[in-house]
Amino acid sequence: MKIFLATGNKHKIEEITAIFKNVKNIEILSIKDGIDIPEVVEDGDTFEANSAKKALEIAKYTGMITIADDSGLCVDALGGAPGVYSARYSGEHATDDSNNKKLIKELQGKENRKAHFVSVVTLGKPDGRSYSFRGEVPGEIIDEPRGDKGFGYDPHFFVAEYGKTLAEMPDVKNLISHRANALKKLEAELESILKD
């Protein structure tokens, strides 16, 4: 069974492929396999809407079962921001660095640093059916970045249970992350979904 990952983000491709490596009879394909896909405009106001739109549009385009993810950081003191705008928080040409700088600036003077990462993973079929799964991981935002093994907001996302940021523990991240939690839910239902 071939399943296509609808993302251009090489970090997400590596992370999702690593999480799925023990699932039997599944071959994960991505743009790394030379399959070109169109840009999907993520204009939904929820992670669920963006994830489902991406999965279904790419499933129809490729004719393959497709997995898409929409994820982001939600910070309590910022009313849940950056949320669905996490990737472009600092503007149209945002980078991880510019997004992190804006985040820390917005949090200056705020005591509450609680936050959580959200991932909604959707499996879309070419016939238009979709199945979405939500995962979260709680943490808090620290001012000084720590670790160089993550991407996005990982160097500022501190997980108290481990005493480290996600960027300091990539192996653990693949077990506890928001994306891992969503993918575990999908994996548990995968067999019945593929038969459906």
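The talk below covers a helix pair and a cavity.

Guide: This is a predicted model, where local features need pLDDT of at least 70, side-chain atom pairs count only at pLDDT 80 or more, and totals for chains, interfaces and linings use all residues. Residues are numbered from 1 along each chain as its sequence is written, and side-chain values use heavy atoms, with hydrogens and water left out.

Visitor: Why are α1 and α5 called oblique to each other?

Guide: The axes of α1 (residues 10–20) and α5 (residues 178–195) cross at roughly 45° and come within 10 Å. Angles under 35 degrees count as roughly parallel, over 145 as roughly antiparallel, 65 to 115 as roughly perpendicular, and the rest as oblique. The pair is therefore oblique.

Visitor: Which residues of α1 and α5 make the contact?

Guide: Contact means heavy atoms within 4.5 Å. From α1 come Lys12, Glu15, Ile16, Ile19 and Phe20; from α5 come Arg179, Ala180, Leu183, Leu186, Glu187 and Leu190. By class, seven are nonpolar, none polar and four charged.

Visitor: What makes a space a cavity?

Guide: On a 1 Å grid over the protein atoms alone, a cavity is a set of points where a 1.4 Å probe fits but cannot get out. The search of the whole structure finds one of 30 Å³ or more. The largest cavity holds about 40 Å³.

Visitor: Which residues line the largest cavity?

Guide: Lining residues have an atom within 4 Å of a point. They are Ala6, Thr7, Lys12, Ile16, Lys54, Ile67, Ala68 and Asp69. β3 (65–75) gives the most, with three residues.

Terms used. Axes are lines fitted to C-alpha atoms, for helices over the stretch in contact, and angles run from 0 to 180 degrees between N-to-C directions. Helices (H or I, at least four residues) and strands (E, at least two) are DSSP runs, numbered from the N terminus. Ala, Val, Leu, Ile, Met, Phe, Trp, Tyr, Cys and Pro count as nonpolar, Asp, Glu, Lys and Arg as charged, and the others, Gly among them, as polar. On a 1 Å grid over the protein atoms alone, a cavity is a set of points where a 1.4 Å probe fits but cannot get out, and a pocket is an open set with protein on both sides within 12 Å along at least five of seven lines; lining residues have an atom within 4 Å of a point. Grid points are joined across faces, edges and corners, and a volume is the space filled by probe spheres set on the points.
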